[in-house]
Amino acid sequence: MGHYRQLLVLLTDVDPHSAALRRALALAHASGAAVHVLGLFEPVEEHLLREERLNEADEQRQYEQFRERLAGLIERHRSGGVPLTHDSVYADDLRSEAIDYITELQPDMVIKDSEATPVLARVFGTPLDCMLMRATKGLTHFVPKAATALPKRILVAVDTALSETPDAQAAFNRALIQSARALALQCDARLDLLSAYNLAGVFAADINLTQTWIDEMRDALQASFDTLADSQGVPLERRHFKEGPPVQVIREQVLALDIDVVVMGVVQPKGLDKLLGDTTERIVSKPPCSVLAVHPRVIDTWEP
């Protein structure tokens with residue numbers, strides 16, 4: 001029996017080729033977990049040349065068709081030997097209903113197909129994937145269409161920059177590595193550790209003083225990263241300490257190391273600047289691979 005007991009798959013569309021469902025079933029085979037599929041239904045406007053909304057009968061008809069397709073999809077996968085159940089949600093506030101469902105069920109991991117989101121969409125609203133990972137007090141796993149059933153290379157992106165709460169930051173970094181290691185154990189996957197630092201904005205009137213300060217800061221960040229890696233038993237050849245903007249560095253390392261899943265922490269947004277600058281949300285909105293988003297509250301419920 002593995003680390004996971006119950007996996008929740010969220011489907012906004014009944015896609016027989018869903019990468020999220022494929023990943024969940026593969027993880028369930030490896031870990032012995034049960035899989036529960038939740039269909040999130042939203043009516044589709046069919047009368048594009050007319051202004052009126054769908055009437056209640058049309059919406060109910062679409063919902064019944066959605067439920068039938070979902071039941072058929074689940075039935076096709078029952079022979080795989082994985083305990084498999086399903087349900088569907090249709091409500092005026094679908095996002096809130098989905099979050100309430102997750103909160104009540106408390107699965108070990110929520111798995112969903114990735115949805116690429118334009119930057120402007122994040123400025124004027126909160127994409128479903130970003131809302132889910134903020135609200136889910138645990139693990140949210142986003143899987144793109146081209147993903148393999150089980151990942152073989154996992155990259156953990158940690159933050160070892162100076163912090164006002166170093167103990168909390170260190171604990172969260174450890175939780176990120178533990179969450180990634182739990183996934184790696186189920187998949188027999190390789191685990192790499194990454195820390196990106198960006199000192200491009202550092203300057204002073206004296207160029208020599210600036211360079212000295214940059215060198216000292218880089219050494220301090222490197223020491224913090226190595227201490228974390230040492231404590232978690234990460235081999236030297238699997239440590240990556242890179243300079244540059246975090247989003248750019250993560251994307252480059254995903255390609256360079258042929259990464260299947262990048263594990264990142266969820267930062268709670270505080271205003272527009274935080275929303276636009278949050279590394280995890282920017283990666284999730286345009287994923288280079290699968291993303292496992294780890295909420296800070298995972299520390300409260302972590303079982304060694």
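**Note on salt bridges and a helix contact**

1. Arg218 has a relative accessible area of 23% and is therefore partly exposed, a class that lies between the limits of 20% and 50%. The model in which this value was computed is a predicted one, and the points below should be read with that in mind.

2. The partner of Arg218 is Asp215, with which Arg218 forms a salt bridge whose closest N and O atoms are 3.2 Å apart. Asp215, at 30% relative accessibility, likewise counts as partly exposed. Both residues belong to helix α7, which covers residues 207-231, and because they stand three residues apart in that helix, they are separated by about one helical turn.

3. Which of the classes, buried or exposed, applies to Asp58? With a relative accessibility of 18%, Asp58 counts as buried, because buried means under 20% relative accessible area. Arg61, at 31% relative accessibility, counts as partly exposed.

4. Which parts of the chain are linked by the salt bridge of Asp108 with Arg5? The closest N and O atoms of this salt bridge are 3.5 Å apart, and the pair joins distant parts of the chain, with Asp108 in the loop between α3 and β4 (109-113) and Arg5 in the segment before β1 (6-11), 103 residues apart.

5. Beyond these pairs, a network of salt bridges links Lys112, Glu115 and Asp129. By the rule applied here, the salt bridges come to twelve.

6. A separate matter is the packing of two helices, α3 (residues 94-105) and α5 (residues 128-135), whose axes come within 10 Å and cross at roughly 30 degrees. The crossing of α3 and α5 is right-handed. On the side of α3 the contact is made by Arg95, Ile99 and Ile102, while α5 contributes Leu128, Met131, Leu132 and Ala135. Sorted by class, the contact of α3 with α5 has six nonpolar residues, no polar ones and one charged residue.

Notes. Residues numbered from 1 in each chain as written. Predicted model: local features only at pLDDT ≥ 70, side-chain atom pairs only at ≥ 80, totals over all residues. Heavy atoms only, no water. Axes fitted to C-alpha atoms, helices over the stretch in contact; angles between N-to-C directions. Helix = DSSP H or I, 4+ residues; strand = E, 2+ residues; numbered from the N terminus. Left-handed = near helix turned anticlockwise from the far one by under 90°. Contact = heavy atoms within 4.5 Å. Nonpolar A, V, L, I, M, F, W, Y, C, P; charged D, E, K, R; others polar. Salt bridge = Lys/Arg side-chain N within 4 Å of Asp/Glu carboxyl O. Buried < 20%, exposed > 50% of the residue type's maximum accessible area, 1.4 Å probe, protein only.
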